[in-house]
Amino acid sequence: MEGEADVYEGVRAQFPLSFGKQTKPQTSLESIHNTTRRTLESPSPSPSPSLAKTTLPSLSSSSKSWLNDFKNPNPKSRQRRDSNPSNPSHENQEFDTRKPSVEDQNSELGKPNSTNDGGSKNLVVTDEDEEDDGEMIGPPRPPPSNSDDEDEENDGVVIGPPRPPRSILADSDEDEDSDVEPDDQFRIPLSNEIVLKGHSKVAFDSLEFVVSALAVDHTGSRVLSGSYDYTVHMYDFQGMNSRLASFRQLEPFEGHQVRTLSWSPTSDRFLCVSGSAQAKIYDRDGLTLGEFVKGDMYIRDLKNTKGHITGLTCGEWHPRTKETILTSSEDGSLRIWDVNDFKSQKQVIKPKLARPGRVPVTTCAWDCDGKRIAGGVGDGSIQIWNLKPGWGSRPDIHIEKGHEEDITGLKFSSDGRILLSRSMDGSLKVWDLRQVKKPLQVFEELPNNYAQTNIAFSPDEQLILTGTSVERDSTTGGLLCFYDRTKLELVSRVGLSPSCSVVQCAWHPKLNQIIATVGNKSQGGTHILYDPSLSERGALVCVARAPRKKSVDDFEAKPVIHNPHALPLFRDQPSRKRQREKALKDPIKSHKPELPMTGPGFGGRVGSTKGSMLTQYLLKQGGLIKETWMEEDPREAILKYADVAAKDPKYIAPAYADTQPEPVFAKSDSEDEDK
């Protein structure tokens with residue numbers, strides 16, 4: 001092998017360095033993540049009482065960084081200090097018996113030594129050296145304190161600025177939680193951000209680009225986004241590069257907005273709910289597996305219909321069973337379906353209403369175990385049903401007037417005790433299902449203009465997150481708000497877009513990344529927030545993958561076939577420009593039609609007074625056509641046939657000649673008629 005290597009080097013030396021395949025240096029991950037780092041500061045939340053205390057921290061940030069630089073300057077010096085960890089006193093004795101050299105100073109301090117006016121060198125030594133040498137090296141030691149910690153006294157080496165007094169340390173230890181930022185305390189991944197774009201098809205009815213639906217599979221490898229532009233985009237983190245392009249686009253129903261997307265528990269299929277009355281099932285690659293049947297709109301009783309009769313509002317797959325899904329509709333019903341039978345539903349649920357009628361069900365949700373169903377009704381009520389033997393449409397929990405307007409999102413906690421509700425009245429309410437007469441907390445001033453705005457939990461369910469819509473006179477833009485579930489207070493607000501509203505949001509437990517959808521009338525996208533030190537896979541994979549460069553093999557020349565003698569069916573249609581130019585040259589097609597004459601004729605044309613046609617004009621002039629009706633009195637023309645009709649009736653009068661009485665007219669008493 002060594003001989004072959006020598007031969008290769010010898011042969012390679014005969015060629016210039018530019019010959020052969022050149023390997024370009026790869027971009028470091030740090031520089032890649034710096035390009036996606038968020039630069040805008042998030043809006044500061046209102047300070048909570050626990051965060052309002054002002055205490056002196058134990059060490060400042062500059063002191064901490066300076067201390068870290070001195071702690072680990074060189075691995076060799078660190079290895080020498082750690083050579084005998086069992087006997088620290090012996091290590092100090094060995095260190096004290098010799099005079100430190102310049103190299104030792106550089107290796108332990110990590111920077112060149114500097115000499116002051118007195119000629120003393122800046123090096124940290126023990127008290128014995130200070131007494132022997134008479135030199136003061138390093139920062140002064142703090143005053144002795146009556147502490148029980150013997151380790152601090154026996155350390156021997158003190159690096160960094162002096163420790164503050166004991167009283168300040170005690171106060172800082174008590175208020176340690178107040179020094180931690182809210183984002184650091186809950187470890188929210190917000191440092192970096194990427195945007196998945198692609199929803200640009202114009203929706204002619206509403207001109208909206210809002211991304212209204214979001215679904216991430218349980219493994220975190222694929223993301224689905226649906227929009228008001230009627231399309232669904234499918235993204236794959238494993239196969240996507242830094243261009244962040246979707247690998248497939250779907251249009252479930254032409255002219256219907258996409259409202260909800262939901263993955264199955266096994267992530268092999270997903271549910272698509274649009275504004276139509278039929279939900280669709282797709283496989284993992286976007287191929288249609290089937291659509292559910294539509295009910296008969298002329299049947300009044302909804303329990304007798306085979307499916308929904310009006311547009312769907314929401315839908316969700318069962319969290320445990322891969323054959324069961326739940327849908328809600330504007331027809332005022334919830335239905336449970338079996339994906340193996342698209343022809344009929346398994347169960348029909350009709351909410352309880354104060355008055356008989358049809359009130360739309362705006363949203364629906366399963367609990368984490370799939371044993372309960374929650375539905376948000378258009379009258380503002382929240383109704384919950386327990387799936388048990390013999391259950392019906394009567395709700396087990398009925399919260400009347402839960403919200404003042406339509407409910408857009410419901411979410412159960414994993415323990416089944418807490419229910420979150422989001423509404424278009426601009427509020428988020430936290431309910432304790434053991435006592436539903438009054439909510440635990442109501443968060444106001446959360447504008448919501450879209451019927452698909454949802455709520456979500458963090459992976460440990462310590463935080464609640466939801467999005468806000470952009471108002472007309474607002475200057476904050478779309479926000480992503482985080483609330484503490486235990487303290488029921490605002491933790492942080494993150495601005496995603498100054499002009500787009502935040503609709504859907506999710507915090508994936510495996511990726512530890514926050515995904516939120518935004519949009520307005522001109523643009524829409526899916527924002528992914530992550531932290532390289534906290535998150536895993538997902539956006540980290542695709543951001544670091546550069547797009548493949550185009551090669552010569554990728555070029556495809558489109559063939560142009562010239563066949564002028566082909567049949568007219570296969571002949572290329574001529575351009576409209578050439579057709580117009582040809583028509584302008586044609587004297588017949590380019591001739592302007594003559595307007596009809598309204599007065600006497602001129603220029604060889606006969607006027608309309610004597611007839612619009614030449615034959616009519618000649619017959620009138622020759623006396624062959626006599627038109628006397630224009631000069632005759634209509635009364636006289638009718639009465640001249642009165643005597644003939646009385647003497648020789650032909651049609652109606654003979655039938656009633658024997659039975660018809662003779663008319664007797666009343667004599668007029670007016671003097672005018674007598675005269």
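Residues are numbered from 1 along each chain as its sequence is written, and side-chain values use heavy atoms, with hydrogens and water left out. Because the model is predicted, local features need pLDDT of at least 70 and side-chain atom pairs count only at pLDDT 80 or more, whereas totals for chains, interfaces and linings use all residues. Helices (H or I, at least four residues) and strands (E, at least two) are DSSP runs, numbered from the N terminus. A residue is called buried under 20% relative accessible area, exposed over 50%, and partly exposed in between, with a 1.4 Å probe and protein chains only.

- Strand β11, residues 324-329, is mostly covered, with 6 of its 6 residues buried.
- On one side of β11 lie Thr 324, Leu 326 and Ser 328, and on the other Ile 325, Thr 327 and Ser 329, and all of these are buried, so that both faces are covered.
- Strand β10 (residues 312-317) runs antiparallel to β11 and is joined to it by 5 bridges, where two strands pair if DSSP finds at least two bridges between them.
- A hairpin joins β10 to β11 through 6 residues, and the bridge partner of Cys 314 in β11 is Ser 328.
- On to strand β12 (residues 334-338), β11 again has 5 bridges in an antiparallel arrangement, and Ser 328 stands opposite Leu 334 of β12.
- The hairpin of β11 and β12 has 4 residues between the strands, and in it Gly 332 takes a positive phi near 90°.

- Strand β15 (residues 372-377) has 6 of its 6 residues buried, so it is largely enclosed by the rest of the structure.
- Arg 372, Ala 374 and Gly 376 point one way from β15, while Ile 373, Gly 375 and Val 377 point the other way, and all are buried.
- Between β14 and β15, which run antiparallel, there are 5 bridges, and Val 361 stands opposite Val 377 of β15.
- The hairpin formed by β14 and β15 has 5 residues between the strands, and Gly 370 in its turn has a positive phi of about 75°.
- Strand β16 (residues 382-386) is likewise antiparallel to β15 and joined to it by 5 bridges, with Gly 375 opposite Gln 383 of β16.
- In the hairpin of β15 and β16, with 4 residues between the strands, Gly 380 takes a positive phi near 90°.

**The second largest pocket**

- The second largest pocket has a volume of about 1,400 Å³, a volume being the space filled by probe spheres set on grid points that are joined across faces, edges and corners.
- On a 1 Å grid over the protein atoms alone, a pocket is an open set of points with protein on both sides within 12 Å along at least five of seven lines, where a cavity is a set of points at which a 1.4 Å probe fits but cannot get out; lining residues have an atom within 4 Å of a point.
- The lining of this second largest pocket comprises 50 residues, of which Val 216, His 218, Glu 316, Lys 411 and Ala 506 lie nearest its centre.
- Strands that each supply at least two residues of this lining include β2 (211-216), β10, β14 (361-366) and β26 (501-508).
- By class, the lining has 25 nonpolar, 17 polar and 8 charged residues, where Ala, Val, Leu, Ile, Met, Phe, Trp, Tyr, Cys and Pro count as nonpolar, Asp, Glu, Lys and Arg as charged, and the others, Gly among them, as polar.

**Aromatic rings**

- The structure holds 7 aromatic pairs, in which rings of Phe, Tyr and Trp (its six-membered ring) have centres within 6.5 Å, with planes under 30 degrees apart counted as stacked, over 60 as edge-to-face and the rest as tilted.
- The rings of Tyr 228 and Tyr 450 have centres 6.3 Å apart and planes at 55°, so this pair is tilted.- Tyr 228, in the loop between β3 (222-227) and β4 (232-236), and Tyr 450, in the loop between β21 (441-443) and β22, are 222 residues apart, so that the pair links distant parts of the chain.
- Tyr 228 counts as buried because its relative accessibility is 9%, and Tyr 450 does so at 13%.
- Phe 270 and Tyr 282 have ring centres 5.3 Å apart and planes at 15°, so they are stacked, and both residues are buried.
- Ring pairs link Trp 263, Phe 270 and Tyr 282 into a cluster.

- Ile 32 is in helix α2 (residues 29-35) and counts as buried because its relative accessibility is 14%.
- The C-alpha atoms of Ile 32 and Leu 540 are separated by 9.8 Å, although the two residues are 508 residues apart along the chain.
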